[in-house]
Amino acid sequence: MDSFYHAIQTICVYAIPLIFAITLHESAHGWAAGRLGDPTATMLGRVTINPIPHIDPIGTIAVPGALLLMSALTGGGGLLFGWAKPVPINPRYFRNPLKAMTITAAAGPLSNLLQMIFWALLLKALAAVGFYDKFVISVCAAGISVNLMLMAFNLIPIPPLDGGRIVRGLLPRQAGMAFDKIEPYGFMILLVLMVGGGLSFFVRPFLMFGQWIINLVL
């Protein structure tokens, strides 16, 4: 019974920062695309801090919730990730599609970096005034960890993740065309990395940095 209550508490702590980390990530893609000339996401109401238009029942709720539940029940600290409804992007609106897609892709992880900074500053402010409510402090710490974890995951240089899009935009033409051939196998590669523990290679340094920030602030 204690493990069940601990699991529920863990889900409550991570719920707010996780939902915003996932949904604002997608909103940032739409905002960047709009600044570069593509109004599609804006017209569809996807450039908003309201998480509801972005929520995918499976990727935003079910999968992260299940991972949190398993982590809490087993006492582990496994990988936590999720996704929102993809923001529609129409490259035909871009003057330089390759460059614009690179910037649009980078906007997602950047939004997670900015959210991490927000949670860190909030945690610092609470500590400065001596406010140490356990639940609120835990939410702020979760906000730091979750955003760094999602940023790390999305920066993995495998298409169709943001990291793959960024790498594609930086490659010379011929190398980029060869890199495009990886995309149909992208999710399979990620699955192999996930099962084999390879994702920890990318994510662990970010999580260590997040824990360093939390320890520094508190």
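This is a predicted model: local features need pLDDT of at least 70, side-chain atom pairs count only at pLDDT 80 or more; totals for chains, interfaces and linings use all residues.
Is Cys140 buried or exposed? Cys140 has a relative accessible area of 1%, so the residue is buried.

**Stop 1: the cysteines**

In contrast to the buried Cys140, Cys12 is partly exposed, at 42% relative accessibility. Draw a distance between the two sulfurs. The cysteine sulfur closest to that of Cys12 belongs to Cys140 and lies 16 Å away, which is too far for a bond. A disulfide would need the two sulfur atoms within 2.5 Å. Seen from the other end, Cys140 has the sulfur of Cys12 as its nearest cysteine sulfur, again at 16 Å, and takes part in no disulfide. The number of disulfides in the structure is 0.

**Stop 2: aromatic pairs**

Next, show the aromatic side chains. How many aromatic pairs are there? The count is 3, and two of the pairs are visited here, Phe118 with Trp119 and Phe201 with Phe202.

Select Phe118 and Trp119. Their ring centres are 5.3 Å apart and the planes meet at 70°, so this pair is edge-to-face; the angle needed for that label is over 60 degrees. Now colour the two residues by accessibility. Phe118 is partly exposed, with a relative accessible area of 46%, whereas Trp119 is buried at 10%.

Move on to Phe201 and Phe202. This pair is also edge-to-face, with 85° between the planes and 5.4 Å from centre to centre. Phe201 has a relative accessible area of 67% and is exposed. Its partner in the pair, Phe202, is partly exposed at 27% relative accessibility.

**Stop 3: Arg168**

Go to helix α6, which spans residues 162–170, and pick out Arg168 within the helix. Is Arg168 buried or exposed? With a relative accessible area of 17%, Arg168 is buried, since the limit for that class is under 20%.

Display the side chain of Asp180 as well. The side chains of Arg168 and Asp180 are joined by a polar contact of 2.7 Å.

Finally, show what else surrounds the arginine. Which residues does Arg168 contact, apart from its neighbours within four places in sequence? Besides Asp180, the contacts are Leu98, Gly176, Met177 and Phe179. With these residues shown together, the view holds a buried arginine, its polar contact with Asp180 and the other contacts of Arg168, Leu98 among them.

Definitions and conventions:
Residues are numbered from 1 along each chain as its sequence is written. Side-chain values use heavy atoms; hydrogens and water are left out. Buried means under 20% relative accessible area, exposed over 50%, partly exposed in between (1.4 Å probe, protein chains only). Rings of Phe, Tyr and Trp (its six-membered ring) pair if their centres lie within 6.5 Å; planes under 30 degrees apart count as stacked, over 60 as edge-to-face and the rest as tilted. Helices (H or I, at least four residues) and strands (E, at least two) are DSSP runs, numbered from the N terminus. A polar contact is a pair of N or O atoms within 3.5 Å; within protein, one must be able to donate a hydrogen and the other to accept it, and residues adjacent in sequence count only if both atoms are side-chain atoms. Contact means heavy atoms within 4.5 Å.
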